[in-house]
Amino acid sequence: MIEDLTPSHSIVTRFAPSPTGLLHLGNYRTAIFAYLYARRHQGKFILRIEDTDRARSTKEYEDNIIESLAWLGLSYDERYRQSEHIEEHTKCLQKLIDEGKAYISEEAAKDGSGVVKSIVRFKNPNKKVVFKDEIRGVIETDTTDLGDFVIAKSITEPLFHLAVVVDDHNEGVTHVIRGEDHIPNTPRQILIAEALGFSPPSYAHLPLVLSEDRTKLSKRKGALPVTAYRDMGYLPEAILNFMAFIGWNPGGEREIYTLAELVELFDFEKIHKGGAIFNKEKLSWMNKEHMRLKTTEENLHNVKKHMSEYSDDILQKLLPTIIDRVSSYGELSGIKDSEFGFFIKRPLVDISKVIWKDDESYITINHLEAVYDILQNTNFDTIEGIKQAIMAYAEIHGKGSVLWPLRMSLSGQEKSVDPFTILYVLGREESCARISEVIKQFTT
RNA sequence: GGCCUCAUCGUCUAACGGUUAGGACACAGGCUUCUCAUGCCUGUAAUCGGAGUUCGAUUCUCCGUGAGGUCACCA
């Protein structure tokens, strides 16, 4: 299941989510960038499930992360749970204590239970920490006001900062790519790394994905999990393309790229520093662009999932029209009845609406009968052929006068797909049946 | 509030000292059209402010202002 895809591992990046809730799209953008950077340099991409908070981590959330990454097509070379490395963490913790760089402190638990716990605090050397961020340049912090921060709940219960530093080092992570909200954490982690004798990795802090109000995107601001987009019928290619373009751009005016192309072009230099708002309208547009890039087979497959009651024959013939009318496959569930329902269910036609503008009803009947006759000798193999046959007549007698009644008779709707497509999809038999039905209504 | 980070159309962005500041989304108008939807064309719209540096600043520096992030025995 876990496969090693790459021969050279000079660059190692990781995505380190915490399975304590459903991760939203913004969280996954970090994974996209880490993936892109690793693949760009034929490096290694690791998925590390950060479950040191055992109480809040669940298998369900972990599975969702794995599922989401798989759907997006972000393959990793290694996967593990941080909890599997607790021995390593404890070893490092002990080393720090032995060397006087950390100490055990007996303190009352913060949960108010009154229990006294032996937490481990890091002995802050109170120095200035300077690191060069790949995106932001030199960042300098005086760590004095951090105090002796807690690095473990107990010797066997490591906390975030310690676990991250030890794991990144042991896994040979060369580039820590994460959100800007981690900048304040970086000095602490560098301090721990130095105390352990590790040379810290490079850091690249990404600009945040923002909600409409310009604050960090979050679930309560309406951010959805990746799997929700999957279920709404979005294309992973579009999600990838769109998210990669929030805060990054290869330059130039082209906007639609495949994952492979993004890998080719990815580069820290072009990453923005400022946060960017997640714009779902543009995501819709981009999704539609990617739908257009899909093969007929792929689109048919995806459309079927949302229009299961339609026959393969209808779907196949109607596909271009269907794709034109939605920007995600999921939208089909909402519009299929009103837009396409008449294809599978013969409509009730209100003959008062079949007449074009001020035409006399006998004119409408004549046109309908004429079209009916034309259809008898028309080849139904292509829309174009049908159109030519009908238009030869309609051009002479007035397009509206002929086409409107035709379309109304076929669809029963004032607004619908054009009559030629309807004819093509319905076929001669059903089309003529509907036309003669309307003629019959007029004459009785 | 302390510390940190950031700043081009409403939004996503291009421009790495010299452009009528370009593109896309959205919006508005028009064309195509039997209707709807597509498609095509056009338009509205931005360099936060102030000092420098420079022959010349969106671009470099500083100061403001504004915005965001972060200050857990979460990650």
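Strand 8 and strand 9 (residues 157–158) run antiparallel and are joined by two bridges. The model is predicted. One bridge sets Ala152 against Pro158 of strand 9, and Ser154 has Glu157 of strand 9 as its bridge partner. The link between strand 8 and strand 9 is a hairpin of two residues.

Strand 8 also pairs with strand 5, again through two bridges and in the antiparallel sense. Here Arg121 stands opposite Val150 of strand 8. Taken together, four strands make an open sheet in the order 4-5-8-9, with antiparallel pairing. Strand 4 and strand 9 are at the edges with a single partner strand each, so each has one side without a neighbour in the sheet. Helix 3 (residues 86–98) lies across strand 4, strand 5, strand 8 and strand 9, and runs at about 100° to strand 4.

What does the sheet have to do with the surface near RNA strand B? Strand 4 (102–108), strand 5 (116–122) and strand 8 (150–154) are among the elements that each supply at least two residues of that surface. Strand 7 (137–142), strand 13 (276–277), helix 9 (280–293), helix 11 (312–325) and helix 15 (399–411) do likewise. In total, 61 residues surround RNA strand B, and the closest are Glu50, Phe160, Lys273, Gly274 and Lys399. By class, this surface divides into 19 nonpolar, 16 polar and 26 charged residues.

Helix 15 gives the most to the surface near RNA strand B, with five residues. Helix 15 packs on helix 14 (residues 383–397) at an angle of about 130°, with the axes 6 Å apart. That angle makes helix 14 oblique to helix 15. From helix 14, Tyr393, Ala394 and His397 meet Lys399, Ser401, Val402 and Leu403 of helix 15. By class, the residues of this contact are four nonpolar, two polar and one charged.

Helix 9 meets helix 7 (residues 236–244), where the axes come within 8 Å and cross at roughly 130°. Helix 7 and helix 9 are therefore oblique to each other, and their crossing is right-handed. Glu237, Ala238, Asn241 and Phe242 of helix 7 make the contact with Leu283, Met286, Asn287 and His290 of helix 9. These residues divide into four nonpolar, three polar and one charged.

Helix 11 packs on helix 12 (residues 331–344), with axes that come within 12 Å and cross at roughly 155°. Helix 11 and helix 12 are therefore roughly antiparallel, and this crossing too is right-handed. The contact involves Ile314, Leu318 and Arg325 of helix 11, together with Ile335, Glu339, Phe340, Phe343 and Ile344 of helix 12. Six of these residues are nonpolar, none is polar and two are charged.

Notes:
Residues numbered from 1 in each chain as written. Chains lettered and ligands numbered in written order. Predicted model: local features only at pLDDT ≥ 70, side-chain atom pairs only at ≥ 80, totals over all residues. Near = placed C-beta within 6 Å. Nonpolar A, V, L, I, M, F, W, Y, C, P; charged D, E, K, R; others polar. Axes fitted to C-alpha atoms, helices over the stretch in contact; angles between N-to-C directions. Parallel < 35°, antiparallel > 145°, perpendicular 65-115°, else oblique. Left-handed = near helix turned anticlockwise from the far one by under 90°. Contact = placed C-beta atoms within 7 Å. Pairing = 2+ DSSP bridges.
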